[in-house]
Amino acid sequence: MRLLKDKLFFTFLFFGIIYSLISLVNHYCFRTYALDLGAYTNALYDYIRLQWNDSGVFKEVPENLLADHFDLYLMAFALFSLVLKTYTLLVWQIVAILVGGYGVYRYFKTRTDIQVPLYLPFVMMLSFFLFYGIYSALSYDYHSNVVASMLVPYLFLFIREKKYLKSFFVLVLICIAKENLSLWMSFVLLGLIIERYKEMDTVKYLSVFLIFSGIYFFMITQVVMPLFSNDGKFLQFKYSVLGQDYVSAIYYILTHPIEACKILFINHTQHPNANYVKAELHVFVLLSGLWALFFKPSYMVMLIPIYFQKLFHDNYLMWGIDAHYSIEYAPILVIGAGESFLSIKNHKTQKILTYLFCILNLVCTIRLMDRTIMFTNKSRIRIYQSSHYQRDFKLDDVYNAIQL
C-alpha cells in the first residue's frame, strides 16, 4: 500500500512538473494570448470587485462576457487571483487535469462488480496523462471546458456507484463551465443509458439528467445568453455550412445525412491551410483510443457532439489537434477503452491491449510535439528544447517595465 501511494505521488509530481513547464513557462515567456487568457484574467479582475465584465479588452463595443461564453467558473476562481495573479487560471487548469487523472484511477480501482487487473487502473491513468489533447490545451492557454472535462470521470464513477445526488452535482458543475457542455452531457448521458440499459433505476435517473441537460442547453443558448448580448442573439452559432441556427442545422443533418457525413472529412471552407487538417484529427483520435471503442459503441455516442462542433465549424482552426478543442475526447476515450479491455476474457490479450493503448497515446503526443499537418507553435510545447525557455527579447527588462 505504501509503495502504491509513493508510485501515485511521484506520478502526479512528475506530470505536474511537465504540465507546469509547458503552461507556466509559456506564460512567463509571454507566449500566452490576450484572447482567451488575457480576456478571462481581466474578467477575474472585475468579478473579484463584484462587477460584470464588459469584454472591452477584445470588443470595440462593450458587451457582457457571458454573451460570448456562459462561463461561471471564472467567478469562482476570481478570489484566487488576489494571490496567483495572472497565473490563476493556468494553475487551476493544471490542478484540474491532475484531479481528472486521479478520477480515472479511482474509476477503475474501485470496481467491485468485475475483477480488475492490478496494473490496469494505473496504466489507464497514465494513458490519460499522456493524451495529446491535454498537451495541446496546455500549450495554448486556458479554457474552462478543460477544467469541466476533468470532472467527467467522477460523473461516471458516481453513476456506477448509484450515488445520484453526487452525480447530479457533478453534472451541474460541468454544465456551468460553458454553454455547449450541456449538449455534450446530453449525449454522454444517452451513451450511459445505452451502456446500462439493464439497470432500470439508473436509467430513470439518467433520463432525468438528460432532460435537465437538454433544457439547460436550450435556456442558456436561446434565452439567457441573448439577454446579455447587445443585439439579443446567440453569438456562438458558427456553422453556416449547416444553416443559420441550431434548428436549421439539426434539420439539415437529419434530411441530408450523407452530405453531413461528407463534411466531417472534407475541407468545406476551401482554405488552403485547412487541407488534411480533419484527416489528421481522425488519425490522432483513432490511435488515441477510438479503435478500442468498437468493443463499446455506447461510448462513441458520447463523442458525436464533439465531432460535430469541431468539424462543422466555419473556422478550420477548430477542426484540428491544436489548442483546447480535443480535450473532451480524453475522459471518454480513456474510460471507454478501459471498459472495452475489461470485457475481454483473455487476460494476456487484455494486458497487451492496455499497454498498447498507453504506448499509442505517447506516440500521438510525441507526434504533436514533433511534426503536425496543422501549424502549431512548437516552441510552446517542446519543453525539451532551449527555445521553449527563451525569447528574442530580455524578459527581465520587460518585467521591470511592468513593475513600473
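Predicted model: local features only at pLDDT ≥ 70, side-chain atom pairs only at ≥ 80, totals over all residues.
## Helices α5 and α6

Helix α5 spans residues 88-109, and helix α6 spans residues 120-130. Their axes come within 8 Å and cross at roughly 155°. Angles over 145 degrees count as roughly antiparallel, and α5 and α6 are therefore roughly antiparallel to each other. The crossing of these two helices is right-handed.

Which residues of α5 meet α6? On the α5 side they are I97, L98, G100, G101, V104, Y105, F108 and K109. On the α6 side, the residues are L120, P121, F122, M124, M125, F128 and F129. Sorted by class, this contact between α5 and α6 has 12 nonpolar, 2 polar and 1 charged residues.

## F122 in helix α6

F122 is one of the residues of α6 that meet α5. Is F122 buried or exposed? Its relative accessibility is 15%, so F122 counts as buried, because buried means under 20%.

Not counting residues up to four places away in sequence, F122 touches K7, L8, T11 and Y105. Y105 also belongs to the α5 side of the contact between the two helices. F122 and F108 are 14 residues apart along the chain, and their C-alpha atoms are separated by 8.7 Å.

## H27 in helix α1

H27 lies in helix α1, which covers residues 2-28. With a relative accessibility of 13%, H27 counts as buried.

What does H27 contact, leaving aside its neighbours within four places in sequence? The residues are T32, L37, T86, Y87, L90 and Y399. Among them, L90 falls in the range of helix α5, residues 88-109.

## Cysteines

How many disulfides does a search of the whole structure find? The search finds 0.

C358 shows the reasoning for one cysteine. A disulfide needs a pair of cysteine sulfur atoms within 2.5 Å. The closest cysteine sulfur to that of C358 is in C364, and the distance is 12 Å, which is too far for a bond.

Two cysteines can also be described by their accessibility. C358 has 9% relative accessibility and so counts as buried. C175, at 1% relative accessibility, counts as buried.

Definitions and conventions
Residues numbered from 1 in each chain as written. Heavy atoms only, no water. Axes fitted to C-alpha atoms, helices over the stretch in contact; angles between N-to-C directions. Helix = DSSP H or I, 4+ residues; strand = E, 2+ residues; numbered from the N terminus. Parallel < 35°, antiparallel > 145°, perpendicular 65-115°, else oblique. Left-handed = near helix turned anticlockwise from the far one by under 90°. Contact = heavy atoms within 4.5 Å. Nonpolar A, V, L, I, M, F, W, Y, C, P; charged D, E, K, R; others polar. Buried < 20%, exposed > 50% of the residue type's maximum accessible area, 1.4 Å probe, protein only.
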